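Welcome! Here is a short tour of the aromatic rings in the structure shown below.

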Amino acid sequence: MLEQLLIFTRGGLILWTCKELGNAIRGSPIDTLIRSCLLEERSGAASYNYEAPGAAYTLKWTFHNELGLVFVAIYQRILHLLYVDDLLAMVKREFSEIYDPKRTVYNDFDDIFRQLRKEAEARAEEMKKSKQVSKPVNNNLGKKQGHVQKLGAEGGSKKSSSGESGNGGGGGGDGDKLKSRNFENGHSNGNHVGNRELPARGNVNGKENGSANTGAFDVNKLQKLRAKGAKKTDTVVNKSSKEEPKKKITKKNRVWDDSPRESKLDFTDPVSENGEENMVVVAADQGESMMDREEIVSSESESEEDEEAEKDRKVDAKKKGWFSSMFQSIAGKANLEKADLEPALKALKDRLMTKNVAEEIAEKLCESVAASLEGKKLGSFTRISSTVQAAMEDALVRILTPRRSIDIMRDVHATKEQRKPYVVVFVGVNGVGKSTNLAKVAYWLQQHNVNVMMAACDTFRSGAVEQLRTHARRLQIPIFEKGYEKDPAIVAKEAIQEASRNGSDVVLVDTAGRMQDNEPLMRALSKLIYVNSPDLVLFVGEALVGNDAVDQLSKFNQKLADLSPSPSPRLIDGILLTKFDTIDDKVGAALSMVYISGAPVMFVGCGQSYTDLKKLNVKSIVKTLLK
């Protein structure tokens with residue numbers, strides 16, 4: 001049963017709802033649809049599943065882009081209503097005829113909707129009956145056709161083994177056998193099967209079997225080969241067994257100099273005072289972090305746009321002729337159709353994929369742009385390609401712009417007033433640079449006079465604690481460590497307690513790198529987040545990845561949700577992109593990660609020094625993607 005049907009404008013004004021379907025809907029499916037699909041450029045999807053406590057709904061929608069209207073139908077997910085798409089199309093057609101922008105009440109549409117609903121339900125019932133009736137009818141037709149065609153073909157075939165002649169039907173018993181055999185073949189093969197195909201198959205099988213018996217595969221040869229192979233293996237085993245008791249050759253270590261080493265090459269030794277002084281100097285000379293610098297985006301050169309315009313003009317001239325293309329550009333097109341948008345969208349999808357955007361994400365974006373443009377009127381002196389590119393640019397800006405503001409400095413001061421530290425947990429796969437970029441974030445916080453403490457919770461990888469200790473010494477930041485083979489959740493908890501006692505403002509928690517499919521390590525991470533409830537969970541990912549970005553983030557979020565004992569688990573809050581200086585214009589990983597998770601890119605690592613950390617410039621990324 002249909003739960004609700006709504007019509008509202010893109011501005012959010014509800015024009016009409018069905019009063020007869022006044023069922024109490026649990027939760028807020030419409031708000032979730034707008035927030036998760038329509039604003040996130042996922043409107044190209046066929047449907048959206050919404051789960052509420054004690055209920056599960058499916059939402060379907062359609063747009064009238066020229067009038068700026070949205071039509072949404074809600075029904076129980078367990079019910080597979082076949083008439084919803086048809087009903088939405090009819091409601092869209094009828095409502096667009098009576099729509100007036102100055103009007104806000106449409107009580108007279110109730111009777112029209114009642115009639116449309118009855119028509120849609122009746123049509124769905126007819127389709128169900130026709131499908132049920134058509135299945136046995138098709139089978140019977142197949143049987144009859146197979147029977148008739150086989151009898152006709154059998155009359156013309158000759159079989160040398162039996163000596164039968166099928167000119168008229170001599171031999172009643174044989175004829176009955178033939179009929180029954182043909183009927184069985186027709187029944188087993190489904191639709192009509194001609195009798196001419198059957199001897200062909202028999203001949204092929206006969207040839208294959210005959211060729212196999214004439215020596216293409218000789219069993220005696222195979223046995224001889226096996227015997228030879230066994231002898232060879234025996235001789236090899238015997239030789240190896242004889243050679244084993246001989247002298248074992250061991251490689252000796254090369255000694256370059258007999259004199260002992262004068263000093264240890266261990267820069268992590270806390271006793272080395274010279275090392276500490278040198279490191280402090282390096283840290284002090286780093287200067288201002290790139291996070292606090294304004295990035296200026298250069299004005300776009302119009303040469304590429306002119307080249308694209310020239311290409312479009314040539315293509316249009318070839319397809320439609322000079323006069324018709326010129327007339328259409330002046331007068332404008334009546335309404336954009338899907339066929340008009342497909343060439344421009346395909347070129348745009350290929351361009352996004354060359355920029356390292358995941359294929360799945362590029363396809364969904366193009367579907368969403370097509371859904372937002374279909375039915376719109378093309379203005380005068382505008383090309384379809386430029387219209388599609390402008391719509392895609394708006395969509396990319398909406399996706400990359402954070403839905404909620406995450407100001408770390410403001411949140412740090414807010415938690416400081418509550419006399420507790422602000423906790424940030426860094427998570428991610430192996431080798432992406434979590435520890436290095438944690439040190440960059442610590443350096444940036446130091447520039448703003450924030451007391452920072454590091455927590456070495458990577459108790460799994462050898463050398464992880466020493467690596468973080470080196471960063472802490474260079475930045476003169478306290479570090480909390482408990483060594484290896486400890487529970488990282490307990491280490492993080494003790495670090496937070498130590499920070500609250502020492503008056504540290506921020507605790508940066510370093511965790512072990514783990515693949516998204518490693519369940520024991522993902523369970524340990526989920527426990528760490530559940531026990532300590534950090535203020536921010538940052539996913540550290542490489543800017544080099546393409547399609548794997550979707551898999552990493554989606555599985556990280558899924559594992560954190562599935563393995564957490566909490567009914568409302570914490571997921572990834574933000575993204576830190578590393579190695580951004582190595583990708584040139586392949587910036588698509590940022591778009592893929594934001595699209596799949598909904599979390600904003602908060603930091604971008606673009607170098608090897610502590611100052612090489614900056615914010616994501618949305619305009620620059622969009623310009624690079626569409627260049």
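**Aromatic rings at a glance**

The charged end of Arg-10 lies over the ring of Phe-63, 4.7 Å from the ring's centre (a charge sits over a ring if NZ of Lys or CZ of Arg is within 6 Å of the ring centre and within 35 degrees of the ring normal). This is a predicted model, in which local features need pLDDT of at least 70, side-chain atom pairs count only at pLDDT 80 or more, and totals for chains, interfaces and linings use all residues. Residues are numbered from 1 along each chain as its sequence is written, and side-chain values use heavy atoms, leaving out hydrogens and water.

**Pairs and a cluster**

- There are ten aromatic pairs in the structure (rings of Phe, Tyr and Trp, the last by its six-membered ring, pair if their centres lie within 6.5 Å; planes under 30 degrees apart count as stacked, over 60 as edge-to-face and the rest as tilted).
- One aromatic cluster is formed by Trp-16, Phe-71, Phe-95, Tyr-99, Tyr-106, Phe-109 and Phe-113.

**Tyr-443 and Tyr-610**

- Their ring centres are 6.0 Å apart with the planes at 25°, so this pair is stacked.
- Tyr-443 and Tyr-610 are both buried (under 20% relative accessible area, with a 1.4 Å probe and protein chains only; exposed is over 50%, and partly exposed is in between).

**Phe-539 and Phe-556**

- With centres 5.2 Å apart and planes at 75°, the rings of Phe-539 and Phe-556 count as edge-to-face because of that angle.
- Phe-539 counts as buried because its relative accessibility is 0%.
- Phe-556 also has 0% relative accessibility, so Phe-556 counts as buried.
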